[in-house]
Amino acid sequence: MEELLRVEHLKVQFPVSESFSGKLFSLRKKYVKAVDDVSFTIHRGEVVALVGESGCGKSTIGKFLVSLVEQTSGAVYYRGEDMRQKGKMQSLRRNVQYIFQDPFSSLNPRMTVHTILSRPMQIFHLSKTDKEREEKIQKLLREVGLTPENALRFPHEFSGGQKQRISIARALSVEPELIIADEPTAALDISIQAQILKLLIQLKETLGLTMLFISHDLGVVEYISDRILVMYLGTIVETGPTGEVIKNPLHPYTKALLSAVPHNPLQEKNVEFRLTGDIPSTVNIPGGCRLHPRCPLATEACKTCDVKLEDVAPGRQAACIMVPKIR
Amino acid sequence: MEQNICLRVNNLQTSFYTDRGVIHSVRGVSFDVRKGEMLGIVGESGCGKSVTAFSILNQVKHPGKIDSGEVIFHGKDLLKLSESEMRKLRGSSMSMIFQEPLTALNPSFSIGWQIAEAYRIQGEKDKAVIRERTIDILRRVKLPEPELRMKEYPYQFSGGMRQRALIALALACKPELVFADEPTTALDVTVQAEILDLIESLQAEMNMSVVLISHNLNLIGERCGRVLVFYAGKIIEEAETAELFKHPAHPYTVGLFGSLLSIHQDGKADPKTMPGEVPNMLDDIRSCSFAPRCPYAETRCFEREPELVPVGPGHYYSCHRPLKGGAK
Amino acid sequence: MNKIGRKIKKGWRAITRSKKATIGFFMILILILIVIFAPWIAPYEVDEMNTGPVFSKPAQQHLMGTDHYGRDVFSRIIMGTRVSMRIGVVVTLLAVLIGVPLGLLAGYRNDLSGSFIMRTVDVMLCFPWVMAALCVAALIGGGEKVIIISLVFAYVPTFVRLMQGVVLSVREQEFVGAALVTGEKQISIIGRYILPNCMAPLIVEATLVMSFVILDEAAISYLGVGVQPPTPSWGVMLNEGSQYMWNAPYLSIFPGIAIALTVLGINLFGDGLRDILDPRYMGGLREL
């Protein structure tokens, strides 16, 4: 498979805004380590899921890839080309598009659907004539399951599911190669969720898209993705093909995540695994293995050891000293 | 049988009188809550599941109004009680766990003070007793170091801790009946399971009745013995959990199961999508509310709204064309 | 031509949707007509003395009576509309034109330049505008210029602070991020995404400010550094009339009513305009 995007040792930190006295007395500035040394690759045509709970840095990675957030350090290669030069990341926007989580705030309430869809085409000069643009807008609306008459209406006239369809159409309007979908169904009702997911899969097939799907819901992820990256507190803790990770999770955090998803009571659960306590703040990340304060399997070694993502099975990696490595 | 009933709701109707018309949120709902059971209410946003709980607690806010119905608790109709009687009841025998713990707690008072207040309202005067009981309830919700943390304020707590504090507040006076309205939706997934475990164990320990409200069928299925499925302000199916999961009868329930993306170990599941969207509750619904989305709808479905009728022991549905034995 | 006609028709339909806007629209329309046709409406010259006996009560001859020089109050109020409205419109426009861009910048660029603007505005707010008016008057003498300069000085901070606050909240909405992702330039983000979503509070504030300005003009003129007699502004008339409050109350009542009606009309129209300009107001809402 052809490599489309490669991220290497990405770090993103945000300074914590402190009170005046805090600034006076503390010599070292505090940082939120939203993403801490993350590397991954996305191949053309694949759907990669970035899974984790709130604050794990999954959205930050997505926003970084469309230059809404700047990196502290790290490198990005798109089609093998180094993107570190100034302005290069911005140029990625033509190829990488983003679908936001909340359809209620991601559409400008003062613009008609027509304007929302035609702006990106104008900016990137994607249509030569007005007629061509109109045709493209109609085609886009039909592709996402709306009728062309909807073009002249304002966002508030649509339901949540329809709004999300408009957001998808906007993302597709620049004919991107890679779509980053940031929990596109989390704000929707269950019966609408399935509609939107089916639409995404269908669009991916017909348009040959590559997708980075960000979610906390393993049920959704299992349905849509080919490969999973599980994140906890800014680092990737497990990766592998979706089916295998869900069938046989190796990292304790993945196990807990899987076991926490409500199951159909008629089906047997394959893992029953609970973590204790809450997710720590990203300002004070625990030393050693980041999961050790919550992990029931944690040993003394976990408090101090340096955990790295290591190969544990063909195509699978995990960052846990308790998981046996392959030599 | 009658002694087993903790709460009985008869033909409850609640509407919101807005500038844009009347929103019929709850359109005639009747059900029982049995003593010591965990009853699940499942439905999508706007189906009336939360409004039902607020109506039972007589806490519907303007412009909402309970139009008619009875809520029988200990032989009394709660809807006829005065505000002060109701307030007393809400503190002691009935309470609610809210979805968003940050807004449900008062930011200006310490957690301990807020829980102690519940005891003070009940007439407890001895400060030592109040303190002891506050620490006890915080320990029961597994808050670490309750003696220290009771002095802290809501903003100092994490999301999961706040929800624990809120549960402690709701259970402070050992109520007989607790409504939990999406108690874990605002929390992270791994914390969710822990909080639900806690509610479940406290329910058994204190022998309460719990009404768990959620949009997630699997979550309800994992925790509850009996389920009510809400759609457009009505109960459209009611059954024991196992029965509902094995033999869903109403096409909406079946559709809900189909759209639910639960984890399957054996390869990908393909969700069956339901077309269309939830009806606009401003309209006066006279036909079956699900008919426009229903793949099996016939002429009569558009003419008359079906009644809730029994299919088997404890299993009711409201449909002209039920799926017998379930077409799952 | 046809296109303009359709636009007017559409605008008219929008205005009539809101009762407030309709009433306010008519009140402003009447004001504008008075401003345009004032010399023809006024039966006497504004500075013509002894048009009748001094302090005559309102009667057919003098609809609102006469003042201590025997000048016709009705004529003076009609002509005063021009002065008061001119000051109201000019001051509000200037304050908006200066304050809004600064506020947009301060809100959008939440960095050093932003805080520089905000701190400057804070300093301006500390300075009482009446003092400013007196200073300006000492420098360039009295007159309308003093009123305009000192009131613009007084109201620019209002708009800067308002816009900064609104922009800070609008900026966080996801559609701004979405616009950046689809390649919008910064200037276009501000113009097409942020500004239109700040319009509602801005319009309300602008109409409020305009009514305050009309009142403040009265205050400055009262101090004697604003509009100079015999030019009839409503403020000057109030000022002069107040001396004869007990004998001839109509001298202050009629300018007072004129101010009150104008302020009411502008506020009603502003309120209505805010609703009309919000696309959510036009169709049936679907939330809840």
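**Close-up 1. Strand β6 of chain B and its partner β7(B) in the predicted model.** From β6 (residues 94–97) of chain B, Met94(B) and Met96(B) point one way, whereas Ser95(B) and Ile97(B) point the other way. These residues are all buried, a term that requires 20 or more other C-beta atoms within 10 Å of a residue's own, with C-beta atoms placed from the backbone (exposed: 12 or fewer; partly exposed: in between). Strands, here and below, are DSSP runs of E with at least two residues, and helices are runs of H or I with at least four, numbered from the N terminus. Over four bridges, β6(B) pairs in the parallel sense with β7 (residues 177–181) of chain B; two strands count as paired if DSSP finds at least two bridges between them. Ser95(B) has Val178(B) as its bridge partner in β7(B).

Because the model is predicted, local features need pLDDT of at least 70 and side-chain atom pairs count only at pLDDT 80 or more, while totals for chains, interfaces and linings use all residues. Residues are numbered from 1 along each chain as its sequence is written, with chains lettered from A and ligands numbered from 1 in the order in which they are written.

**Close-up 2. The open sheet of eight strands in chain A.** The strand order is β6-β7-β8-β3-β9-β10-β12-β11, with mixed pairing. At the edges stand β6 (96–99) and β11 (310–313) of chain A; each has a single partner strand, so one side of each lacks a neighbour in the sheet. On average, neighbouring strands of this sheet are turned by 25 degrees against each other, direction ignored; axes are lines fitted to C-alpha atoms, for helices over the stretch in contact, and angles run from 0 to 180 degrees between N-to-C directions. Strand β3 (residues 47–51) of chain A runs parallel to β9 (residues 227–232) of chain A and is joined to it by four bridges. Within this pair, Ala49(A) has Ile228(A) as its bridge partner. Helix α10 (residues 252–260) of chain A packs on the sheet and touches β3, β9 and β10 (235–241) of chain A, its direction making about 100 degrees with that of β9(A). Helix α6 (residues 160–172) of chain A lies across β6 and β7 (178–182) of chain A, at about 170 degrees to β6(A).

**Close-up 3. The hairpin of β9(A) and β10(A).** Two residues lie between these strands, and Leu233(A) in the turn has a positive phi of about 50 degrees. The two strands pair over six bridges in the antiparallel sense, with Glu238(A) of β10(A) as the bridge partner of Val230(A). Six of the seven residues of β10(A) are buried. Two bridges also join β10(A) to the antiparallel strand β12 (residues 316–318) of chain A, where Gln317(A) stands opposite Thr239(A).

**Close-up 4. The open sheet of four strands in chain A.** Its order is β2-β1-β4-β5, and the pairing is antiparallel. The edge strands β2 (31–43) and β5 (81–82) of chain A each pair on one side only. Strand β4 (residues 73–78) of chain A is joined to β5(A) by two bridges, and Tyr77(A) stands opposite Asp82(A). Helix α2 (residues 58–65) of chain A packs on this sheet, touching β1 (3–15) and β2 of chain A, and its direction makes about 65 degrees with that of β2(A).

**Close-up 5. The crossing of helices α4 and α6 in chain C.** The axes of α4 (residues 112–126) and α6 (residues 144–171) of chain C come within 9 Å and cross at roughly 140 degrees. That angle makes α4(C) oblique to α6(C), given that angles under 35 degrees count as roughly parallel, over 145 as roughly antiparallel, 65 to 115 as roughly perpendicular and the rest as oblique. The residues of α4(C) in the contact include Ile117(C), Met118(C) and Val121(C), and those of α6(C) include Phe153(C), Val156(C) and Arg161(C). Residues are in contact if their C-beta atoms, placed from the backbone, lie within 7 Å.

**Close-up 6. The contact of chain B with chain A.** Chain B contributes 38 residues and chain A contributes 38 residues. Among the elements of chain B that each supply at least two residues are α7 (159–171) and α9 (217–223), while α8(B) gives the most, with six residues.

Terms used: Contact = placed C-beta atoms within 7 Å.
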